[in-house]
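Biologist: I'm new to reading protein models. Could you walk me through this one?

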Amino acid sequence: MAQHPHDPHHPASPVHPVDEKPAARRLVPGKLLRFFPPLVTGVVITLIGVTLMPVPVGWAQGGDAQAADFGAMKYLALAAFTLMVILLVQRFTRGFVKQIALLIGLVAGTLAAVPFGMASFDGLRSAPVVALPTPFSFGAPEFQPAAILSLCIVMLVLMTESSAGMLALGEICDRPATGTTLIRGLRTDGLATLLGPVFGGFPTSAFAQNVGVVSLTRVRSRYVVALAGATLLVLGAFPVLGAVVSLVPMPVLGGAGIVLFGSIAVSGIRTLSAAGLDDSSNIILVAVSLGAGIIPLAAPTFYADFPAWAQTVLGSGISAGALTAVALNLFFHHLGTRSTPRAAVLSAASPGSGTQIP
């Protein structure tokens, strides 16, 4: 019997099943993916943007909260000028120029800062031309049980935030992240975290701020990311080149950061708009999760009397909101049900998104 042309197993079928290997399903991230429907990912993506907003606001005020002139009008004016340039380029240009509106804003803001003495060249003068990292420059590694346990908890939080970033990128790129994607991403994070301290660096994680760059520029090519990584290696080997990048004043970064991080929140709102918010349970889920994620932002000392491990987990708005959203999704859509309510769990996932519930 001839197969239907839309049969997912037909070699010429335009319908693509989820690219999920059986081995990936047996690993923890692959199994947990079913608990991150669009309703939950929308909350997490929105929280990424919202919880990051204090960062560009601090940059716009000068970057150093301890400085006497922190929040001075000159810093705010420079941040506003940078933001205005980005908005004008977005409004009156198109094509490639429109895609690099952020870069144009950074360059224009930096040039505007030079005549007013707000761009420091000290780092450029003192930076060496070539400098290669020295392995274990701070001494041989030590293995202390208390420190290992603390860092394991920290890494669990970072895994949650990295997974949230990958899920956010999947939504922005119209290519929802699968269990295989999460596993590969977390493995890469782990490898970078292992190698970074060897050369005097810090443990690394997916940088949520860059999600906003992808959302704003719409540049999704992995080759661009690879080229950017190679560029960073060159900048690391030649500090004088990296010092050129550091010429960008903090207020300029603040003006651009408002656009970047705001665009992440918009991506989350867009995901939530298609996640079935006409249901009262879903509204409560989103409301409580967003509230839990904003608590560390609105009241930084809220968890001051909690145990250290709880402060580590709940002190991050992203991880607190993500855990709350997952728990409430289980409570409303999984626990006490005779069978998995596909429509409720997927929360009105868009057709063809590739999300599957076993």
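This is a predicted model: local features need pLDDT of at least 70, side-chain atom pairs count only at pLDDT 80 or more; totals for chains, interfaces and linings use all residues.

Modeller: Residues are numbered from 1 along each chain as its sequence is written, and side-chain values use heavy atoms, with hydrogens and water left out.

Biologist: Is Thr-82 buried or exposed?

Modeller: Thr-82 lies in helix α5, residues 73-92; helices here are DSSP runs (H or I, at least four residues), numbered from the N terminus. Buried means under 20% relative accessible area, exposed over 50%, and partly exposed in between, with a 1.4 Å probe and protein chains only. Thr-82 has 0% relative accessibility, so this residue counts as buried.

Biologist: Which residues does Thr-82 touch, leaving out those up to four places away in sequence?

Modeller: Touching is a contact, meaning heavy atoms within 4.5 Å. With residues up to four places away in sequence not counted, Thr-82 touches Gly-105, Leu-106, Gly-109, Val-252, Gly-255 and Ala-256.

Biologist: Where is the kink in α15?

Modeller: Helix α15 covers residues 280-298 and reaches 26 Å from its first C-alpha to its last, close to the 27 Å expected. That expected span is 1.5 Å times one less than the number of residues. The bend at a residue is the angle between axes fitted to the seven residues ending there and the seven starting there. The kink is about 25 degrees, shortly before the proline Pro-296, and lies at Ala-292.

Biologist: Which helices do the buried residues of α15 pack against?

Modeller: The buried residues of α15 include Leu-285, Ser-289 and Ala-292. Their packing partners are α3 (38-52), α14 (250-273), α16 (308-314) and α17 (317-333).

Biologist: How many aromatic pairs does a search of the whole structure find?

Modeller: Rings of Phe, Tyr and Trp (its six-membered ring) pair if their centres lie within 6.5 Å; planes under 30 degrees apart count as stacked, over 60 as edge-to-face and the rest as tilted. Searching the whole structure gives four.

Biologist: What is the angle between the planes of Tyr-303 and Phe-306?

Modeller: Tyr-303 is buried at a relative accessible area of 12%, while Phe-306 is partly exposed at 37%. They form an edge-to-face pair, 5.1 Å centre to centre, and the angle between the planes is 85 degrees.

Methods. Helices (H or I, at least four residues) and strands (E, at least two) are DSSP runs, numbered from the N terminus.
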